[in-house]
Amino acid sequence: MNKNEIHKLIETEQPNICQVVAYKGGEEVYSDCWNGYKMDDCAHVMSVTKSVMALLVGIAIDKGQIKGVDDKVLDYFPEYKVKRGEKTIYEVTIKDLLTMRAPYKGKGDPWSKVCSSENWTYTSLDFLGGRQGMTGEFRYSSVCIHILSGILYKATGMITVDYANKFLFGPLGIPAHEVYIAKSAEEHKQFTIEKTPKKAVWFSDRQNLGTPGYGLCLSACDMAKIGLLCLNKGAYGGQQIVSSKWIREMTEPRTVEGKHFRGMDYGYLWWIISRKKGIYAAIGNSGNVIYINPEKKIVVAVASYFKPTIFDRVDFIQREIESRL
């Protein structure tokens, strides 16, 4: 593998990539950085956050803090006042949130209403349900799955970042993260789109609950460790951090209807790239990816700065990086 060749290729063809780390057979075989980033700098990894959240839910289930994915969402919010006439919400389970099959009122993610509210969890619950009932339709959400952070807090008494630091990041040797709260809508926007390196933070609401749909900042080295954990069926450094049962369940492919998702299947907040080969990935906007190929024992992590609508990053990984390993 010619490192200089890859460096120039990424510089010209994928200019928003900041870091790449690749492992094969448990050994690091490639690492490099671009755009003024150092290897220990963090990038906002966008929806890769979702896949990390799936691991936290699995850990909580392993510990018996959450009973299981079939728990009803409202079991965790007995104090929440359901809107008059709303019935569907009573049927929604944690599994519906994890598989993006939960029903929501209205179209699209209600970003402004949720993010300007005092309690993002309750406002997200206000959008859960609707007259159409439990349709089972795949409906990708980034803001309303904030409910998962609320559930984790209710089940464990720990805010998202503290739980991650203790039970996931710490055991993986990932630097401890801190809560980051935007003081204004403009600061929120800047956090999302700015291209400079980030610190080890998790964007959070006013209750210090990390956003599970986006907002986590990681380096490609951190991302690769998460990939190795998954590749090794929940084990890392001789420690079983999350059960192999959860990794198997989390990556079980479910068909996604529609033409907007490039024929990929979905697990629990992880994309299934190839059902036949068992390849799966955490994928975030701007081309942030944790790519895992269990058959070849390959993990590739890519961290990138904001550049919207990049959809070819998995193809690029397979074509230009995996093929050379």
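## Exercises on helix packing, pockets and cavities

In this predicted model, the lining of the second largest pocket consists of eight nonpolar, three polar and three charged residues.

**Exercise 1. Describe the second largest pocket: how much space lies in it, which residues are closest to its centre, and which element gives the most to its lining?**

Step 1. The space in this second largest pocket comes to about 260 Å³.

Step 2. It is lined by 14 residues, and Ile247, Thr251, Gly278, Tyr280 and Pro294 are the closest to the centre.

Step 3. H9, helix H10 (244–250) and E11 are the elements that give two or more residues to this lining.

Step 4. H10 gives the most, with three residues.

**Exercise 2. Describe the largest pocket: what is its volume, and which element supplies the largest share of its lining?**

Step 1. The volume of the largest pocket is about 1,000 Å³.

Step 2. The lining has 42 residues, of which Met46, Ser47, Trp111, Ser142 and Asn285 are the closest to the pocket's centre.

Step 3. At least two lining residues each are supplied by helix H4 (111–115), helix H8 (185–193), strand E11 (279–284) and helix H11 (313–321).

Step 4. H8 supplies the largest share, four residues.

Step 5. By residue class, the lining of the largest pocket has 20 nonpolar, 15 polar and seven charged residues.

**Exercise 3. Classify the packing of H2 against H7: at what angle do the helices pack, and which residues meet?**

Step 1. Helix H2 spans residues 48–62 and helix H7 spans residues 160–172; they pack at an angle of about 75°, and their axes are 10 Å apart.

Step 2. Angles of 65 to 115 degrees count as roughly perpendicular, so H2 is roughly perpendicular to H7.

Step 3. On the H2 side the contact is made by Val52, Met53, Leu55, Leu56, Ile59 and Ala60, and on the H7 side by Thr160, Tyr163, Ala164, Phe167, Leu168 and Phe169.

Step 4. Sorting the residues of this H2–H7 contact gives 11 nonpolar, one polar and no charged.

**Exercise 4. Classify the packing of H2 against H9: at what angle do they pack, and what is the handedness of the crossing?**

Step 1. H2 packs with helix H9 (residues 220–231) at an angle of about 45°, with the axes 12 Å apart.

Step 2. Roughly parallel needs an angle under 35 degrees and roughly perpendicular needs 65 to 115; H2 and H9 are therefore oblique to each other.

Step 3. The H2–H9 crossing is left-handed.

Step 4. Val48, Val52 and Leu55 of H2 meet Met223, Ile226, Leu229 and Cys230 of H9.

Step 5. The residues of the H2–H9 contact are seven nonpolar, with no polar and no charged.

**Exercise 5. List the cavities: how many of 30 Å³ or more are found, and which residues line the largest?**

Step 1. Rolling a probe the size of a water molecule over the atoms shows where empty space is left.

Step 2. Searching the whole structure gives two cavities of 30 Å³ or more.

Step 3. The largest cavity holds about 50 Å³ of space. Its lining is made up of Tyr37, Cys42, Ala43, His44, Thr192, Glu194, Thr196, Lys198, Ser304, Tyr305 and Phe306. This lining divides into five nonpolar, four polar and two charged residues.

Step 4. The second largest cavity holds about 30 Å³. Tyr104, Lys105, Gly108, Asp109, Pro110, Arg139, Tyr140, Ser141 and Cys144 line this second cavity. They divide into four nonpolar, two polar and three charged.

Technical notes
Residues are numbered from 1 along each chain as its sequence is written. This is a predicted model: local features need pLDDT of at least 70, side-chain atom pairs count only at pLDDT 80 or more; totals for chains, interfaces and linings use all residues. Side-chain values use heavy atoms; hydrogens and water are left out. Axes are lines fitted to C-alpha atoms, for helices over the stretch in contact, and angles run from 0 to 180 degrees between N-to-C directions. Angles under 35 degrees count as roughly parallel, over 145 as roughly antiparallel, 65 to 115 as roughly perpendicular and the rest as oblique. Contact means heavy atoms within 4.5 Å. Ala, Val, Leu, Ile, Met, Phe, Trp, Tyr, Cys and Pro count as nonpolar, Asp, Glu, Lys and Arg as charged, and the others, Gly among them, as polar. On a 1 Å grid over the protein atoms alone, a cavity is a set of points where a 1.4 Å probe fits but cannot get out, and a pocket is an open set with protein on both sides within 12 Å along at least five of seven lines; lining residues have an atom within 4 Å of a point. Grid points are joined across faces, edges and corners, and a volume is the space filled by probe spheres set on the points. A crossing is left-handed if the near helix is turned anticlockwise from the far one by less than a right angle, and right-handed if clockwise.
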